[in-house]
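Please look over the model shown here before reading the notes on its fold, core, charge pairs and pocket.

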Amino acid sequence: MLFEKKSQKNKSGQILIEALIGITLFTVGIGISSLLVSGSGSVFSDSVHNSKARLLAKEGIAVGKMILASGWDSVSDGDHGISASGGIWSLSGTSDIHGDLTRVVSIVTIGSSERQITSRVSWQAGAGRLLSVKFSTIAANWKVEEETGGDTGGGPLSGNWQNPKTLGSVDLGP
């Protein structure tokens, strides 16, 4: 009889420990599941923002090239925003905002007839995470190149074209 009472006391303590372990595992499982669900939502949100940002950055490059082509000397170096009014694009301010995306188009002169256009779109992706997409290209002022003649390939043609000489030959047949 004495032996049976000790056995029951140990079982009641064991059941309490098993219950605590079970509750702890259940709580940890719920916590991990909620982190996974919220993390996957963040990844989806980042990919949506990334797609929109890439489109805006490409648009920034295209508009920058178009504006430079129409008025090379009237565009100043620096950071610009883009606006459209009546179907006409123009540079305005230092950035433009589309929802929670901010676009900055930077124009920098790198040569007498070359300018680098960089379009950067950034957004806040959560606590302390600033993400961005950047595209860059080099635009040339073809009008200046056409006026000066461009590259002449090393000078005018030379040689006796009435009596040309063969410097070498290659047999390409079988």
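The report below goes from the overall layout to single residues.

**Basis**

This is a predicted model: local features need pLDDT of at least 70, side-chain atom pairs count only at pLDDT 80 or more, and totals for chains, interfaces and linings use all residues. Residues are numbered from 1 along each chain as its sequence is written, and side-chain values use heavy atoms, with hydrogens and water left out.

**Layout**

The protein has two helices and six strands. Their order from the N terminus is α-β-β-β-β-β-β-α. Helices (H or I, at least four residues) and strands (E, at least two) are DSSP runs, numbered from the N terminus.

Of the 174 residues, 20% are buried. Buried means under 20% relative accessible area, exposed means over 50%, and partly exposed lies in between (1.4 Å probe, protein chains only). The protein exposes about 13000 Å², with 61% of it supplied by carbon and sulfur atoms. Accessible areas come from the Shrake-Rupley method with a 1.4 Å probe; for residues, only the protein chains shown count as cover.

Contact means heavy atoms within 4.5 Å. Take the contacts between residues at least 6 apart in sequence: 45% of them join residues at least 24 apart.

**Nonpolar cores**

In soluble globular proteins, nonpolar side chains tend to be buried together. A nonpolar core here is a set of buried Ala, Val, Leu, Ile, Met, Phe, Trp, Tyr and Cys residues joined through side-chain atoms within 4.5 Å.

Which residues form the largest nonpolar core? There are eleven: Ile61, Val63, Ile67, Leu68, Trp72, Val75, Ile82, Val105, Ile107, Ile117 and Ala139. Helix H1 (2–70) and strand S4 (101–111) are the elements that give two or more residues to this core. H1 gives the most, with four residues.

Ile117 is one of the core residues. Leaving out residues up to four places away in sequence, Ile117 touches Ile61, Gly64, Lys65, Leu68, Val105, Ser106, Phe135, Ser136, Thr137 and Ala139. A second, separate core has eight residues, including Ala57, Leu101, Val121 and Ala125.

**Salt bridges**

Side chains of opposite charge can pair when their charged atoms come close. A salt bridge is counted when a side-chain nitrogen of Lys or Arg is within 4 Å of a carboxyl oxygen of Asp or Glu. The whole structure has three salt bridges.

| Glu59 | Arg103 | 2.7 Å |

Glu59 pairs with Arg103. Glu59 lies in helix H1 and Arg103 in strand S4, so the pair ties together parts that are 44 residues apart in sequence. Glu59 is partly exposed at 29% relative accessibility, whereas Arg103 is buried at 1%. Asp96 is also buried, with a relative accessible area of 9%. Glu59, Asp96 and Arg103 are linked in a network of salt bridges.

Asp77 and Arg115 link distant parts of the chain, 38 residues apart. Asp77 sits in the loop between H1 and strand S1 (78–85), and Arg115 in strand S5 (residues 114–124). Is Asp77 buried or partly exposed? Asp77 is partly exposed, at 39% relative accessible area. Arg115 is buried, at 8%.

**Largest pocket**

The largest pocket holds about 160 Å³ of space. Its lining consists of Lys65, Leu68, Ala69, Trp72, Ile138, Ala139, Ala140, Asn141, Trp142 and Lys143. H1, strand S6 (130–140) and helix H2 (142–148) are the elements that give two or more residues to this lining.

On a 1 Å grid over the protein atoms alone, a pocket is an open set of points where a 1.4 Å probe fits, with protein on both sides within 12 Å along at least five of seven lines; lining residues have an atom within 4 Å of a point. Grid points are joined across faces, edges and corners, and the volume is the space filled by probe spheres set on the points.

**Two single residues**

Thr94 is found in the loop between strand S2 (88–92) and strand S3 (96–98). Thr94 is exposed, at 54% relative accessibility. Beyond four places in sequence, Thr94 touches Asp79, His80, Gly81 and Val104.

Gln116 lies in strand S5 and is partly exposed, at 30%. Gln116 and Ile138 are 22 residues apart in sequence and 4.4 Å apart in space, C-alpha to C-alpha.
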